[in-house]
Amino acid sequence: MEWDRENDLLARACDELLEQNALLQQEIELLRAQLRRHPAGEMQIREAHRQMEELVETTRGCGPAPSAQHLEAAIY
């Protein structure tokens, strides 16, 4: 019984996190669209990509490095 209760709590927590993630992804897309409409937006996006690539190169050999995809997700 206790195991079922804990499993239900974990399942609800996971569902809530998935909902929050979906909302955050929508917000990110809206912010990205706003940034692209700004005159310097594309330049900022390119600069962020360049910085991510530099970071990935710098962290090679220093243990597990975050993937470029994870870094991009963090910036956007």
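Trainee: How many helices and how many strands are there in the protein?

Mentor: Helices (H or I, at least four residues) and strands (E, at least two) are DSSP runs, numbered from the N terminus. The protein has three helices and zero strands, and from the N terminus on its elements run α-α-α. The model is predicted: local features need pLDDT of at least 70, side-chain atom pairs count only at pLDDT 80 or more, and totals for chains, interfaces and linings use all residues. Residues are numbered from 1 along each chain as its sequence is written, and side-chain values use heavy atoms, with hydrogens and water left out.

Trainee: What span does helix α2 reach from its first C-alpha to its last?

Mentor: The expected span of a helix is 1.5 Å times one less than its number of residues. Helix α2 (residues 41-59) has 19 residues and reaches 27 Å, close to the 27 Å expected. Just after α2, Gly-61 takes a positive phi of about 85°.

Trainee: Which residues of α2 are buried, and which are exposed?

Mentor: Buried means under 20% relative accessible area, exposed over 50%, and partly exposed in between (1.4 Å probe, protein chains only). In α2 the buried residues are Gly-41, Ile-45, Ala-48, Met-52, Val-56 and Thr-59. Seen down the axis of α2, these buried residues fall within an arc of 75°, so they line one face of the helix; the arc is that of the directions from the helix axis to the C-beta atoms. On the other side of α2, Met-43, Arg-46, Glu-53, Glu-57 and Thr-58 are exposed. For the protein of 76 residues, 13% count as buried.

Trainee: How many salt bridges does a search of the whole structure find?

Mentor: A salt bridge is a side-chain nitrogen of Lys or Arg within 4 Å of a carboxyl oxygen of Asp or Glu. The search finds six. One of them joins the side chains of Arg-36 and Glu-42 at 2.7 Å, N to O. Arg-36 is partly exposed, with a relative accessible area of 40%, and Glu-42 is also partly exposed, at 31%.

Trainee: Which residues are linked in a network of salt bridges?

Mentor: An α-helix has 3.6 residues a turn, so residues three or four places apart point the same way. The network here links Glu-47, Arg-50 and Glu-54. Glu-47 and Arg-50, three residues apart in helix α2, meet in a salt bridge of 2.3 Å, N to O. Arg-50 also forms a salt bridge with Glu-54, with the closest N and O atoms 2.1 Å apart; these two residues lie four apart in helix α2, about one helical turn. Glu-47 is partly exposed at 33% relative accessibility, Arg-50 is partly exposed at 36%, and Glu-54 is partly exposed at 42%.
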